[in-house]
Amino acid sequence: MQKQVLESSEERTFQYQDFLPSLPVPPLDESLSKYLDSVKPFLNQEEYQRTEDIVKKFKNGIGKELHEKLLERAKSRRNWLEDWWLNVAYLDLRISTQIHCNIGGPSPCVEHCWPPKEGTQIERACINTWHTLKFWDLLRKEKVPVERSLDEVLDMNQFRMIFCTCKIPGVTRDSISHYFKTEAEGECPSHLVVLCRGRVFAFDTIHEGNMLTPPEIFRQLTHIQKTCHSEPDGPGLAALTSSERTKWAELREYLINLDPKNLTLLEKIQRSLFAICLDDSSPHATPENYTEVSRLTLGGDPTVRWGDKSYSSIFFSNGIFSAFCDHSPFDAMALISMSHYTEKNILENEGKWKGSNTVRDIPWPEELVFTVDQKIINEIGYAKEVYYKKVSDLQLVHYAFTSFGKALIKKQKFHPDTFVQLAIQLAYYKCHGRPGCCYETAMTRRFYHGRTETIRSCTMEAVEWCKSMLDPSESTYQRLQLMYQAFAKHNKMRSSCENGKGFDRHLLGLLLIAQEQGLPVPELYMDNAFTVSGGGGNFVLSASLTGYTRFNGGAVPMVEHGYGFFYSIRDDRIVTNCSSWKSCPETDAEVLCRTVYQCLQDMIQLTIAAQL
């Protein structure tokens, strides 16, 4: 590793990939003991006793065998989880992944150089697109800086998945087609696709060896917009990507059989760098309230969103824009790194293009005209109807808590992320009168192709502290002591998960080994404790930090009676994106969000009172 650093004074983005440690398999007894600890908040004494017996039996019996087989698998793979995780978490899903899995969020440019303003859609789209293309170019040249955590190099593979990547629906399992290459690896597609009023266009971003400039991109996008605004809307084929997966797979086959040219057009979309979505909506947004733009990002017009594309930029008619992504090939942090780069460059140039206004004689965009018949037209209508019915059920609030942020929390000597996680625990307890099983994302990118592990934030320590906060007879001193214990527990879990010592992925691996061997599902997974504590994707709270930048987005809740809660922590504020389903009578995103804000105040008051 040292040798490579010396050879080239400049680090290359992917140069350490071959030296990253393999993803470890944690010891079985450690994982099971952590699992037992995590189910305690949800069981009474008798139920816990039963689960303890089941775990003991598993550890000494089938679990031991499965663990041995998992260790075998790990010997021949640098990441024993990678393919499994992709399939189980994403590609095997049959529901509408565009609604249930995609992630997205607004750009914070409205807070500085680009406040909402009608008539700026194309102008801003071309500048933002150009900065995104510059990032693609840096990635091709391997000049995107290697990310680190406390001096440890992190896996950079997810960055390769942002561009030229698309999910392909399959009848039983989807697949990912991926065409990005670095310059050293060879040719890489360089065209963009643009969706506007039910139509799809494409144009190349390289002309005679040079990248298009913002004025040239402006010419292309203006041409597309004028064409669409002066002619009838297109069929809106993109809406089919929002369908349930098997249905979309069958319709895609039908389209290809209808006319082989349709396959060429679909491949053109799949191979494209990313998608630009020109959306006619004009959502309200202020630095304190992103609710409307976030709601439209995740649930807006399906005829201008190709839900399977790994990265799309949505530009609204008032110049606000958002990112919208298929979650399968990468996690939010890769997207946030790129978005942070583009925002920084937009800001440095005051949202303007300061280069030449010369526009070369470049080919006009081509329209991708699909051959459709009445069946497809009807299916598009049906897909839109189903989509709008589902997204109209989404309740989403995206506000800024402005009383304090990272600066004050750190001054009080608390980890900012843990601070918010405990506020969420307390708020859920207040709203529902019981503990809420919670999934917080930990990043395992210290390992080769590492992605995520689950931090189960609802610990016994957190629950004891929540009870003390709701008990008027508890002293400030006692509440503070319990809070310190809850913090210590959470920080320890986070570190353990980031170092490959979590247990959720391990338990998943053991279950998948059993399935591959055609063995019956072990009792541990059939036990009620497994489900009520969140196992098998049953977490009622899906709550993750989106970092310490101005970027914050979200996704929908994991379960019908759950919440999505995503937050970014800045020096002076905490921006939160909270979602729930209106059809569930017991959840209310607005109420939970307001309660979290109250809990944040209560917690900071507690720490200040302690110092007096």
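A salt bridge here is a side-chain nitrogen of Lys or Arg within 4 Å of a carboxyl oxygen of Asp or Glu. The model is predicted, so to speak of local features takes pLDDT of at least 70 and side-chain atom pairs count only at pLDDT 80 or more, while totals for chains, interfaces and linings use all residues. Residues are numbered from 1 along each chain as its sequence is written, and side-chain values use heavy atoms, leaving out hydrogens and water.

**View 1. Salt bridges link domain 1 and domain 2.** There are 5 of them between the two domains. Lys390 pairs up with Glu560 in a salt bridge, with 3.5 Å between the closest N and O atoms.

**View 2. The two domains, each built from two stretches of chain.** Domain 1 takes in 28-78 + 402-610, and domain 2 takes in 102-142 + 165-393; these bounds come from an automatic or database domain assignment. Their centres, taken over C-alpha atoms, sit 34 Å apart. Domain 1 brings 23 residues to the contact and domain 2 brings 27, contact meaning heavy atoms within 4.5 Å.

**View 3. Area buried between domain 1 and domain 2.** Together they bury about 1,900 Å², with 51% of it on carbon and sulfur atoms. Buried area is the accessible area (1.4 Å probe) that two parts lose on being put together, summed over both. On the domain 1 side, Arg451, Arg550 and Phe551 lose the most area to domain 2, together 36% of what that side buries.
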